[in-house]
Amino acid sequence: MNYFPDEVIEHVFDFVTSHKDRNSISLVCKSWFKIERYSRQNVFIGNCYSISPERLLRRFPCFKSLTLKGKPHFADFNLVPHGWGGFVQPWIEALARSRVGLEELRLKRMVVTDEGLELLSRSFVNFKSLVLVSCEGFSTDGLASIASNCRHLRDLDLQENEIDDHRGQWLSCFPETYTSLVTLNFACLEGETNLVALERLVARSPNLRSLKLNRAVPLDALARLMACAPQIVDLGVGSYEDEQDSESCLKLQAAIRKCTSLRSLSGFLEAAPHCLSAFHPVCHNLTSLNLSYAAEIHGSHLIKLIEHCKKLQRLWILDSIGDKGLEVVASTCKELQELRVFPTDLHGGGNTAVTEDGLVAISAGCPKLHSILYFCQQMTNAALITVARNCPNFIRFRLCILEPHKPDHVTSQPLDEGFGAIVQACKNLKRLSVSGLLTDQVFLYIGMFATQLEMLSIAFAGDTDKGMLYVLNGCKKMRKLEIRDSPFGDAALLADVNKYETMRSLWMSSCEVTLGGCKRLARKAPWLNVEIINENDNNRMEENGYEGRQKVDNKLYLYRTVVGTRVDAPPFVWIL
Amino acid sequence: MENSNSYSPYSSSSVDSTKPSPSESSVNLSLSLTFPSTSSQRETSQDWPPIKPRLRDTLKSLRLRQRGYNTALFVKVYMEGVPIGRKLDLSTFSGYKSLLENLSHMFDTSVICGTRDSKNHVLTYQDKDGDWMMVGDIPWDMFLETVRRLKITRPERC
């Protein structure tokens, strides 16, 4: 390859798109490093505090797409207080000052402001794609800037963000001449929507493929929208509360029949039970179905819909479907790859909507299944062993038994053997979440067998530090480890400090680590940011002299970084 | 795969003291959120089970609606011109349609929402501010929160 001119090598590199592969080729030699960095189009930064915008721009001067992630994963479950960090503003400002021709920005769990969105919209002439997932801090005014100024916008994809809805006219800020919309997802907006502006926008967007509406879009508007966008591939239904057989309902049914390209269905945020039947004509083409917000729809209606969905690859559903419903899924959806079953009863009221039987049925019926997230009230080792035998191809296996410390409900044993069978059979397992009654033994199995594991979530599990040590010593590819309410302490934390350089981050909350232990870790590993999130007024902790033995009151979050301590931490975050 | 630890934290005779049980949270210096053991405390846990806020809110409001079925919401109903009123439990109705059907049956006349009509009686309500309003403009759930009493008016009054 040394005899080829740089342009040829660069052309070859164009075919290498995965981040991991590009990182590898940049390590081959100085020449490849240089060619690679000038030609890298997509940059992925898994932790926005691991590097600074300036260093990013020094290494990659020519990228077009940036993905940034901010808060740790447990922030999704209210474990990270407001104001912790993850601000995108410095990034947008640095990029705006540079000469990068940014076309795409994808943010996850970050704090975004209207000012930032305004700056973004004015700074990059060719900006095409904005994807915000689980972000917060901005309002519809920021969306108005994007709509007004981004002439070449293709995607505006807002997934599960906290957006201050000023019920304004952001949709009418798209110019009349603007016709290049491909993706529009505003399902997470809570306020009123300008239906006229929305209909006009959709009518002048021939390339529109993905449209996800919020709950303020009623049935008759949906019918009109679908009538002028029959090319739609991905639809998120907003509100669906009309009476059966109303005129709007009939119009909608007619419009749906024309949507022969429809492959993905979601939404039903406010849905009357009968509404699903309108979609039966297109079910045979559906590959993705997300009914996880349709809490009012009874299992029987869900089952009737799914019976038509023979090509389904992805299904997100509530446990109201029941074990019987999962058996229907198992016998109908032979192409199923990903299943998520969410709980409807958060308080363990004894309603056993789905049990281990549903999980076993799915594992037996769906040979292509590789990702599962399953909330349930009870589980058995026998069931997990059967699942492992049926499905050795799991890449992601997340089981959440709602009641912590709950044992095998038949034998009263811990679930160590069941999870052990999973990790032993599934040689490609990259992500695992464990729950139920678990001893150190399960972690011995994980350390021994889960060689490809990159992310592990632990809650209310284990007995001693040995558990955590098995994992840290065994899982060579571990990147993200998150632990809550488990008896792991300083000995496990400090045993192998260098391990954390091979990982993106570690989270430990309500465990047995002490402030003294965390400080020792911070001293030993200056390449780590060791943060304590302290929500209670415990500034007096050190003064009392209990420091060394004081349990870390709340949360430990540590991560590797090349830019040292961050400067934007709020007062309740101690960086050691 | 022999399991060497044979105990059950659920039996009173052998309690593993290293396991953080909910009752230890008061002894611990740690003030963190350990999983509460009583059902009333469970109601307020915001971080377990691990579901996203949007789903949590959806399920909460669903549960409130379902629970609302058990708490009665009796309001007085008067027909204009009739001095003696009736009492009606609004929580038994799923929406405006079933309310109107029931009122029409109860008062043996056609009762409707909204549009002025020379033939039909129109339903109005007094909200928590004391104002008299037309029934049917706001979502049913919101209506249940604000309604204080009902009046079936003669058409020309509106």
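These legends describe close-up views of a predicted model. Local features need pLDDT of at least 70, side-chain atom pairs count only at pLDDT 80 or more, and totals for chains, interfaces and linings use all residues. Residues are numbered from 1 along each chain as its sequence is written, chains are lettered from A in the order in which they are written, and side-chain values use heavy atoms, with hydrogens and water left out.

**View 1. A nonpolar surface patch on chain A.**
A:Phe4, A:Val8 and A:Val12 make a nonpolar surface patch of about 230 Å². Patch members have over 30% relative accessible area and no salt bridge; like charges are joined within 9 Å, and nonpolar side chains (Val, Leu, Ile, Met, Phe, Trp, Tyr) within 5 Å. Areas come from the Shrake-Rupley method with a 1.4 Å probe, and for residues only the protein chains shown count as cover. A:Phe4 sits in the segment before α1 (6–13) of chain A. Helices (H or I, at least four residues) and strands (E, at least two) are DSSP runs, numbered from the N terminus. A:Phe4 counts as partly exposed because its relative accessibility is 45%. Buried means under 20% relative accessible area, exposed over 50%, and partly exposed in between (1.4 Å probe, protein chains only).

UniProt, in an unreviewed entry, places the feature "domain: F-box" at residues 4–45 of chain A. UniProt positions follow the numbering used here, feature names are shortened, and annotations may be inferred rather than shown by experiment. The end C-alpha atoms of residues 4–45 lie 31 Å apart. The span is 60% helix and 10% strand.

**View 2. Helix α13 of chain A and its surroundings.**
Seven of the ten residues of α13 (356–365) are buried, so the helix is largely enclosed by the rest of the structure. The buried residues are A:Glu356, A:Gly358, A:Leu359, A:Ala361, A:Ile362, A:Ser363 and A:Gly365. They pack against α12 (322–332), β14 (338–342), β15 (371–376) and α14 (381–390) of chain A. Contact means heavy atoms within 4.5 Å.

The largest nonpolar core has 181 residues. Helix α9 (219–228) of chain A gives the most to this core, with six residues. A core is a set of buried Ala, Val, Leu, Ile, Met, Phe, Trp, Tyr and Cys residues joined through side-chain atoms within 4.5 Å. A:Leu66, A:Tyr240, A:Phe268, A:Phe279, A:Phe397 and A:Ile446 have the most contacts inside the largest core. Leaving out residues up to four places away in sequence, A:Ile446 touches A:Val423, A:Leu432, A:Val434, A:Leu453, A:Leu456, A:Val471 and A:Cys475. A second, separate core of 21 residues includes B:Leu88, B:Phe93, B:Leu100 and B:Trp140.

**View 3. Salt bridges within chain A.**
Over all chains, the structure holds 25 salt bridges. Each is a side-chain nitrogen of Lys or Arg within 4 Å of a carboxyl oxygen of Asp or Glu. A:Glu454 and A:Lys20 meet at 3.4 Å, N to O. This pair links distant parts of the chain, 434 residues apart: A:Glu454 in the loop between α16 (440–449) and β18 (455–459), and A:Lys20 in helix α2 (19–25). A:Glu454 is buried at 11% relative accessibility, whereas A:Lys20 is exposed at 53%. A:Lys212 and A:Asp234 also form a salt bridge, at 3.5 Å, N to O. A:Lys212 lies in strand β9 (210–212) and A:Asp234 in strand β10 (234–240), so the pair ties together parts 22 residues apart in sequence. A:Lys212 is partly exposed at 22%; A:Asp234 is buried at 15%.

B:Asp47 forms a salt bridge with A:Arg484, with the closest N and O atoms 3.0 Å apart. The pair crosses from the loop between α1 (39–42) and α2 (53–68) of chain B to strand β19 (480–484) of chain A. Both B:Asp47 and A:Arg484 are buried. The peptide bond from B:Trp48 to B:Pro49 is cis, with omega near -5 degrees. B:Pro49 lies in the loop between α1 and α2 of chain B.

**View 4. Positive phi in two loops of chain A.**
Most residues other than glycine have a negative phi. A:Arg109 has a positive phi of about 55 degrees. A:Arg109 lies in the loop between β3 (104–108) and α6 (114–123) and is buried at 9% relative accessibility. A:Ser510 has a positive phi near 55 degrees. A:Ser510 lies in the loop between β20 (505–509) and α19 (515–524) and is buried at 13%.
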